[in-house]
Structure formats: structure tokens, C-alpha cells
Amino acid sequence: MRRVYLDNNATTPVLPDVFEAMRPYFGDHFGNASSIHHQGHETRAAVERARDSVATLLGCRPAEVVLTSGGTEADNLAIFGLVDPDDHVITSTIEHHAVLNSCKHLEERGVEVTYLPVNGRGLVDPDDVRRALRSNTKLVTIMMANNETGVLQPVEEIGKICAEADVYFHTDAVQAASKVPIRVKEIGCDLLSISGHKFHGPQGIGALYVRKGTTLEPLFYGGSHERSRRAGTENVAGIVGLGKAAELAVKAFESKEDREMALLRDRLENAILENVEAAGVNGEGAPRVPNTSNIYLDYIEGEAMVIALDLKGLAVSTGAACSSGAIEPSHVLTAMGLRPDRARASIRFSLGKQNTAEDVDFAIELVPASVARLRELSPLYRKPSVLQS
Ligand code: PLP
């Protein structure tokens, strides 16, 4: 059975070159990167080469890269590393749970948190950031690209506001890395999170950019790894994979692969909209990363659609989360003002480097037919002529 994977915002396959780069570090090159013998020097050099590649991807110095176990840890290190009980934090309602639940936990510790709303296109208004600032605001944490919609936030404007107010600015760039260029100096952020498995590196490895001079309280206590910012023996193979993925991402920008991906995504999106009634793009009109399309298909249940497509060989996803047995509509889509039923009827398509035009054709063929079948079962659905009247 043919299987096409269009859920690359959940995770991406490791590229063959990344896997090959990692392979020796499961075999001959097994040393602990902190050891002073030959085996240790070998892996230390590999870790530092990977750090250089990550620094090139982000436009920062290698010493400003702290290697972590992924995006969640990078977000947690940024937030818990900075914030004290009397501080105030500003974030948005559409953050990933790695940030949202960290902020919820801060509130339990007595920290005041402001959750900024977004408009119908999923954008935070930088003026809202300015207005929310207080004398005790320590940190603003607003994501660069949303994982469900791909909408890009005005991080450079927010960065300027934070710099003027002398407030730390963290951005979760987990869904932006390798999809749009990142220059930390242009963003003006102090902290920025990335995760290897979102851009064809391995799972369980990521990094936090920490601007020189920013002091963070570590999450873990142990050895003095990562300049005492992240204790624990380095995951050398993972780090090498992250470095290789970063290097390939830089090359892909040079060969304008991001534009090709945007064309593929647009073809998929337009074909679905042309062939399905009562459908639209969530976040339409906002700047978006080139690989993501979140589409509402009214009168269907997103979960049912994901299962129906999976049975035909197409992997996509909803932004919905299952809590206590009930499917909650996505917090991102409802924050954008979607009715719960429309939020539940939304599907995310996310492309990766491995996807081809044929993959997109496969989806274009399957989606309208599956929507039609599910709508036939929906008591709420009437034929288009009735819908329009
Ligand atoms: N932040 C965003 C925006 C994400 O999409 C994700 C993963 O889905 C994370 C953070 C967490 O990253 P990781 O899976 O590496 O812990």
C-alpha cells in the first residue's frame, strides 16, 4: 500500500545524509566528549563541529548554543532559567504546550503571567506586548512560527519592544528552523529554541540560543557540561545529527528549496479549496512558513478525517488534543476565533523535504473524496446548493 506522510510538523524522517553522519558515533567513535583521551577528543571535536553548524543556522556564536534534549527542554530552560517568583511574564494564547504549561506552572508558583490574544489570522499585535509590559516584567516568550497553522509572528517588532523595555525576549522557533531563515541578531531575541526532529535531524536533541551575557539558572544539577548551563553527558550521535541537519538546512536555503516547498504547499491548498465546498485556510493572509497548511473542512470531524485518510495511506493530523476522553478543539484555532465545530473540522497538512509532487497529487486525489464520504454521514451537512441558499 502506498503511504504518504504529510505530518512533518509532528516529526520529520531523518535524512540519509544525517543518518550517515551519525552512524560512526554508535560504533568506533563512542567516547565520552568530556574524557581527555583520544576517544574523548574525537567526540568532543564532533560536538563542537555540530555546535558551529547550529550557530551558522541561527547567526550566532557557537558559545551561545546550549545543546538540549529537544524543543521542550529548550523552552523550559529559557523560562525556568530566568523567571523568579516576583516576576511578570508575557506570552500568547497560541504557544505550544511546552511554553503554555511552563507558564501555567509558573502561575502555580505565584508568578503573574499575561496571555496575549491573537487576531483572526493568528497574529499577536506587538502593541499588545507593549501595553502588557509592567515594571516587573522579566520575560516575553512568543513563538516564531505556530505548529498548527504555520503562522509567523512579528518577532522582530516584538524584539525591538523588548529591547527598549530592557526585558528578556525568548522565541520558540521549533517550527521555524529550516523553514525560514533565522538571524537571532535581527530578531533581537535573547533566547531561541530549536528541535532537531522538526527539520530532519533525530528526535531527542535540540538547542537553546542564549545571548552572550544572559545568565540562566540550570534545570539540572550535575557536571559542568555546556558551560554549566546543561549538565549531563552529551548525546553525541544526536548532536552530530542535529549539526548535519542544520548544515543541510543552510544549503537548502542557498538552493531556494523553501520556495519550491511553498509552491507545492500552495498547489495542495488551492486544489483542496477548489474541490471542497465550505472549506478555507486557517491563518490565510498572514505570513506563514512554506510547508504548513491548516484547512477547515466544515461538517466533518477532524479525527474521523485523519483516520479515513490514514486507512487510504495518507498521514495528516488535527491540532486537537484528547483530554479526559473528550476531544478538545485546538486552543490555537479557538484563540483565533474559530467556532469549536470549525476548529474540530480542521486538518493540518505539513510537508517535509522528502515529499514530492506525486505525494501532493496523492493527497489532492484523496482529500475531496474522503470529505464527501464523511459529509454524507453528517446529519448537519446539506448539499452545496442548499448551503448557498
Ligand atoms: N515547540 C513547538 C512549537 C513545537 O511544535 C514542539 C513540538 O511539537 C515543541 C516545542 C517541542 O519540541 P520537542 O518535541 O523537541 O520537545
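I started with T11: buried or exposed? T11 comes out at 17% relative accessibility, so it counts as buried, because the cut-off for buried is under 20%. I keep in mind that this is a predicted model.

Next I checked where T11 sits. I found T11 in the loop between β1 (4–5) and α1 (16–22). Then I asked which side chains T11 touches through polar contacts. One is H197, with a polar contact of 2.6 Å between the side chains. Another is Q203, whose side chain makes a polar contact of 3.1 Å with that of T11.

**Ligand**

I moved on to the ligand. How many residues surround the ligand? I got 13, and the closest are G71, T72, D172, S195 and K198. Sorted by type, the shell has two nonpolar residues, eight polar ones and three charged ones. I also looked up which element gives the largest share of that shell: helix α3 (residues 71–82), with three residues.

Then I went through side chains facing oxygen atoms of the ligand. For T72, an N or O atom of the side chain is 2.6 Å from a ligand oxygen. For S195, I noted a polar side-chain atom 2.6 Å from an oxygen atom of the ligand. For H96, a polar side-chain atom lies 3.2 Å from a ligand oxygen. How much of the ligand does the protein bury? The ligand taken alone exposes 390 Å², and the protein buries 85% of that.

**Positive phi**

I wanted to see residues other than glycine with a positive phi. H200 has one, with phi near 70 degrees. I placed H200 in the loop between β7 (191–195) and β8 (206–210). H200 has a relative accessible area of 3%, so I wrote it down as buried.

E226 is not a glycine either, and its phi is positive at about 50 degrees. Where does E226 lie? I found E226 in helix α8 (residues 225–228). With a relative accessible area of 7%, E226 is buried.

**Rings**

I asked how many aromatic pairs a search of the whole structure finds. The search gives one. I jotted down a reminder that a pair of aromatic rings is described by the distance of the centres and the angle of the planes.

I also looked for charges over rings. R342 has its charged end over the ring of Y296, 3.8 Å from the ring centre. R2 lies over the face of F362, at 4.8 Å from the centre of that ring.

**Distances along and across**

Two last look-ups compare sequence and space. First, G110, which lies in the loop between α4 (97–108) and β4 (112–116). G110 has 48% relative accessibility, so I list it as partly exposed; the cut-off for exposed is over 50%. G110 and D86 are 24 residues apart along the chain, and 7.4 Å separates their C-alpha atoms.

Then I turned to A369, which I found in helix α14 (residues 357–377). At 33% relative accessibility, A369 counts as partly exposed.

Note on methods:
Residues numbered from 1 in each chain as written. Predicted model: local features only at pLDDT ≥ 70, side-chain atom pairs only at ≥ 80, totals over all residues. Heavy atoms only, no water. Phe/Tyr/Trp six-rings, centres within 6.5 Å; stacked < 30°, edge-to-face > 60°. Lys NZ or Arg CZ within 6 Å of the ring centre and 35° of its normal. Near = heavy atom within 4 Å. Polar contact = N/O pair within 3.5 Å; in protein donor to acceptor, adjacent residues only side chain to side chain. Areas by Shrake-Rupley, 256 points an atom, 1.4 Å probe, with all protein chains shown as cover. Helix = DSSP H or I, 4+ residues; strand = E, 2+ residues; numbered from the N terminus. Nonpolar A, V, L, I, M, F, W, Y, C, P; charged D, E, K, R; others polar. Buried < 20%, exposed > 50% of the residue type's maximum accessible area, 1.4 Å probe, protein only.
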